[in-house]
Amino acid sequence: MASRLDDLIQQRLDKLERIRSLGLDPYPRRYKRTHTTEQAIVLLKQIEDTSKTEIIEISVAGRIMAIRKMGKSSFMDIQDGSGKIQLIFSNTILSEEIVSELFRDLDIGDFIGVKGGLMRTRTGEPTIHVAEFTLLSKSLLPLPEKYHGLQDVDARHRQRYLDLISNQEVKETFRIRSRIIAGIRNYLNSHGFLEVETPVLQPSAGGALARPFVTHHHSLDCNFYLRIALELHLKRLIIGGFDKVYELGRIFRNEGLSIRHNPEFTMLESYQAYADYHDVMDMLEDMVSSVIREISGEYKFKFGDNTIDFTPPWQRLDLRQTIIEYSGIDFMQFPDVISLRNEMQKLNIEVAPVRDRGRLIDELLSTFVEPHLIQPTILYDYPLDMSPLAKKKPGYDNIVERFEAYVCGMELANAFSELNDPIDQRQRFVNQQRSRGRYEEQEVIDEDFLTAMAYGMPPTGGLGVGIDRLVMLLTNQQSIREVILFPQLREKE
């Protein structure tokens, strides 16, 4: 037995055949429009403000979102990328036969182009009085119901095109995302940074602690990895003589899915020669707060139940002291894995036995500290165990010049005074591999990177910012899937 959907599809196929039988092309190559719907509404307001009485004829095009018949006149709402506008079809301009045939063969979801005069109805609705119309694309599948839209979250993410058609606030989220990225680019470009592109396919996965995606290059007959970070190639460019570089790019980590993690996500990484992590702190505050103010007009905005204030300077806290404050554990008093694990178990924290000391400290941070970091906060001075690519803090053997920025309990940014001693760097890689053993998220020893460092790398401040999480904050979205157009999802059976 055919379903209701099957019946609706067949009706539309019958209409498509009828349109073709009239010698009409239901999918023409182009249509010349003079205005978007938004421009048409602005033009009407300008005409009204100047008290002009002549009818201005324009052409617009868009998707039919509503059809209404009222006596001898019929109405449609069409939607393009800028908004909606109402159309009126009346027997005063078009014959009753034409209007009747039009509404017989058109459906919600079809694209049409229309030409006609701008007017405003008695209810104040901006409207185009249609004199000519052209079918631009026949829709064969019905859209979600008008008044309910597309509500199923899984369907919204799998069929983002329907989500964008049905839910205008979703479009606004991705417009804001585009403005955020443009704002970051403008800021960095205006401060002397050069935007570059580095390889996505890499012979070794380095620059972060993460499980990579692996693929095989048939011509070279060897495995490659999708990059897990942008860092090591950007540092090669600093070594090569560029003083300030950045990349806004996709990185890939073959790890779990959550409301804050997607295997494919967008990062900003920037590197500045002759700078340290204090310089990068100042730049991060200025860049993010400037972009926020440019987009929203102020430094404050709502995220969930909280009002977040990005007015610089942000709160800056020493990591060790902050962990002591919230957990009672001073990690400096427990110099090895076993002693720190035993102390954590006294607080009923379940710790996997394969984890190294850096992982244990990170567990303390995420469990006891992160939930309290609601307003923009910079945590600085991290243990060496967590940061194999950062320079040691002067006077300390086990603390490095690293900071992370947090907002609403989420890590937003990570930065170092970059290690530029190739001998120290090699030894740290070796020590970390020994401590992690076969642990799959180990730092890879990139011999070519170490060779590059041996030619000399200037003092450098590096920064990484999670773009998706920044967009989440500025659009008040609790899930990362709401700010990625096509998030990864488990395949349906």
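This report describes the overall build of a predicted protein model and then several of its residues.

Residues are numbered from 1 along each chain as its sequence is written, and side-chain values use heavy atoms, with hydrogens and water left out. Since the model is predicted, local features need pLDDT of at least 70 and side-chain atom pairs count only at pLDDT 80 or more, while totals for chains, interfaces and linings use all residues.

**The chain as a whole**

The protein chain contains 14 helices and 18 strands; helices (H or I, at least four residues) and strands (E, at least two) are DSSP runs, numbered from the N terminus. Its C-alpha trace spans about 90 × 60 × 50 Å along the principal axes. The radius of gyration is 29 Å, whereas a compact globule of 493 residues would have a value near 23 Å; this radius is taken over C-alpha atoms, and the globule rule is 2.2 Å times the number of residues to the power 0.38.

Of the 493 residues, 48% are buried. Here buried means under 20% relative accessible area, exposed over 50%, and partly exposed in between (1.4 Å probe, protein chains only). The accessible surface of the chain comes to about 25000 Å², and carbon and sulfur atoms account for 50% of it; the areas come from the Shrake-Rupley method with a 1.4 Å probe, and for residues only the protein chains shown count as cover. Among contacts (heavy atoms within 4.5 Å) between residues at least 6 apart in sequence, 65% join residues at least 24 apart.

**An aromatic cluster**

The structure holds three aromatic pairs. Rings of Phe, Tyr and Trp (its six-membered ring) pair if their centres lie within 6.5 Å; planes under 30 degrees apart count as stacked, over 60 as edge-to-face and the rest as tilted. Phe301 and Phe310 form a stacked pair, with 5.6 Å from centre to centre and 15 degrees between the planes. The rings of Phe310 and Trp314 have centres 5.4 Å apart and planes at 75 degrees, so this pair is edge-to-face. Phe301, Phe310 and Trp314 form one aromatic cluster. Phe301 is buried at 12% relative accessible area, as are Phe310 at 0% and Trp314 at 5%.

A cis peptide bond, with omega of about 0 degrees, joins Pro312 and Pro313. Pro313 lies in the loop between strand S13 (306–309) and strand S14 (315–318).

| Residue | Phi | Relative accessible area |
|---|---|---|
| Asp221 | about 55 degrees | 59%, exposed |
| Cys408 | about 55 degrees | 9%, buried |

Asp221 is not a glycine and sits in the loop between strand S8 (214–217) and strand S9 (222–226). Cys408, likewise not a glycine, is found in the loop between S16 and strand S17 (410–417).

Strand S16 (residues 399–407) includes Ile399, which is buried with a relative accessible area of 7%. Not counting residues up to four places away in sequence, Ile399 touches Phe331, Met332, Asp381, Tyr382, Pro383, Leu384, Lys392 and Lys393. From C-alpha to C-alpha, Ile399 and Asp356 are 16 Å apart in space, and they are 43 residues apart in sequence.

Thr475 belongs to helix H14 (residues 467–475). Thr475 is buried at 13% relative accessibility. Leaving aside neighbours within four places in sequence, Thr475 is in contact with Thr173, Ile176 and Val483.
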